[in-house]
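Let's take a friendly walk through a protein chain. Have the sequence and the 3D view at hand, and look up each place as it comes along.

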Amino acid sequence: MRIHEGLERIAHENLISFHMPGHKKGRLVPDSLKEIYRHDITEIPGADNLHEATGIIRASQEALRDYYGSLKAYFLVNGSTSGLYAAIMATARPSETLIVSRESHRSIYSALMLGGINARYLYPEIDPVAGACQEVTLEKVREAFERYPEAKGLVLTSPTFLGILSPVKEIAAYLHGLDKVLIVDEAHGAHLKMMGQNHQSSIFAGADLVIHSLHKTLPVLTQGSALHLNSDRIDRERLEELLNIHQTSSPSYVLMDSMDEGLRIMEEEGQTLGRALMGHIRKFEAGLQGHPCLKLMTHPWRDLTRLVLINGEKATIDFNRLESVLRKEYGIQAEYSYDKGLVLITTIANTQGDFDGLMKALWEIDFSQLLNTGEYGTIKYIRPEKNLSLREAFYRDKQWIPLSKARGYTSARMIIPYPPGIPLIAPGEVFSSDIIERIHEMAGFNYNILGIKEEDHHHWVAVVKEEN
Ligand SMILES: Cc1ncc(COP(=O)(O)O)c(C=O)c1O
């Protein structure tokens, strides 16, 4: 019996609750929430325990494993973040080294910092037109491991936030030849199998540990995620202990139920819904042909569901304003706009009507009002110099100084445009003029930037306090 049936069975017992949670199956809360609260219980008999699953949670985790074809699957109730923490710390001990794509999500930097792990970065190329970080190539991986042969493994992200996939199969084969571990942050790719792109997914490609944010691209509640163990190169007990450490001791049954049901939808209707979504996307791609100002980003290796609108041949659009016109005048909210494009996340839950509404808007909008008059358009590839390790910088005393005066100082915090959540500068890296200019530029573009303060009309940053 899986989670959903197990929870239904308990709900039908109409138990008088003298157990957690405090709402006692949805009493006192508004009617609109009551249905959700029905399955919000705790580890009473019959409900199993995520941290040592032997019952309904285990059955659902086995179904998840079977669907993706991994060795073992674990539900995560603290997002992919917790899975990345566990995967990274199960692979390298304190002071050991991992090679990490510099275009990684902040959770990867946090894991390295918490684990005291030494990070050596590899830098994917950036496509100057779409401003998109490109795939991690086998060549770059080879160079990095020749330079740092002591590294225990590699952490890479595929697909990226903009949908670019890396050649995971080639990379996995190369690393396994050296007996190294491959961790893939596939937070944005849990749907690939359902979309007929399984051959480009990391579990299929043989990565050792793969992390999925089920909530990002499947019909699953926010935070619902999964970790797949896919080889015997990892100490399973250590991994499981780390999952226990990094996750709450009160896992939400509503969240686990939602993941179980998301899985069931994929099992039972995934192929049909995936084909329908591909139909909507193909029609959308055709409908956008000939647009005077916009086109879709292309790449030979990409997640087909992630649509990135970029400048057509002649225009330079202010995508920030495009995002706001779509919201205010057409009731459409995109995922994210940046200086080179607009990101739209499409899933099996989008209808043809959604795509039609978007297409109509894109042809109706007067783009002459949305031309970019600013100075954006100079995505420079910034490789900050590293002065201290992430952990050392994090634990040093810090001080706040104006961004304009930060050149030469070592950053004490991550400064992160969100989304996509990739740090422009990490603790231990040195502020250069390029970085300062880029942060100013992004702040001017209304990016939501975490890690800086705005006070007295200045931006302030935290730097490592200089020792006298
Ligand atoms: C590439 C990538 N990895 C990991 C994460 C963290 O995922 P979660 O929010 O599920 O913890 C994110 C979240 O935005 C992400 O974009």
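Predicted model: local features only at pLDDT ≥ 70, side-chain atom pairs only at ≥ 80, totals over all residues.

How much of the chain is buried? Of its 468 residues, 44% count as buried.

Most residues other than glycine have a negative phi, and most peptide bonds are trans. Serine 95 is not a glycine, yet its phi is positive, about 75°. You can find serine 95 in the loop between α4 and β2 (97-101). Histidine 457, again not a glycine, has a positive phi of about 60°, and this histidine sits in the loop between β17 (453-455) and β18 (458-464).

**The whole chain**

Stepping back, the chain holds 15 helices and 18 strands. Its radius of gyration is 23 Å, close to the 23 Å that the globule rule gives for 468 residues, so the chain is as compact as a globular protein of that length. Along the principal axes, its C-alpha atoms fill a box of roughly 65 × 60 × 50 Å. Among the contacts with a separation of 6 or more, 69% come from residues 24 or more positions apart.

**A four-stranded sheet**

Strands of a sheet pair through backbone hydrogen bonds, either parallel or antiparallel. In what order do the four strands of the open sheet lie? They follow the order β10-β11-β13-β12, with antiparallel pairing. At the edges are β10 (294-296) and β12 (336-338), each pairing on one side only. From one strand to the next, the twist averages 25°.

Inside this sheet, β11 (residues 306-311) and β13 (residues 341-345) run antiparallel and are joined by five bridges. Arginine 306 stands opposite isoleucine 345, which belongs to β13. That isoleucine is 211 residues from glutamine 134 in sequence, and the two are 18 Å apart in space, C-alpha to C-alpha.

Glutamine 134 itself lies in the loop between β5 (132-133) and α6 (138-147). Leaving out residues up to four places away in sequence, glutamine 134 touches Pro124, Glu125, Ile126, Asp127 and Ile164.

**Around the ligand**

Which residues are closest to the ligand? They are Gly79, Ser80, Thr81, His105 and Ala187, out of 14 residues that surround the ligand. By kind, the shell divides into three nonpolar residues, 10 polar ones and one charged. Helix α4 (residues 79-91) gives the most to this shell, with three residues.

Definitions and conventions. Residues numbered from 1 in each chain as written. Near = placed C-beta within 6 Å. Helix = DSSP H or I, 4+ residues; strand = E, 2+ residues; numbered from the N terminus. Nonpolar A, V, L, I, M, F, W, Y, C, P; charged D, E, K, R; others polar. Rg over C-alpha atoms; globule rule 2.2 N^0.38 Å. Buried ≥ 20, exposed ≤ 12 C-beta atoms within 10 Å, placed from the backbone. Contact = placed C-beta atoms within 7 Å. Pairing = 2+ DSSP bridges. Axes fitted to C-alpha atoms, helices over the stretch in contact; angles between N-to-C directions.
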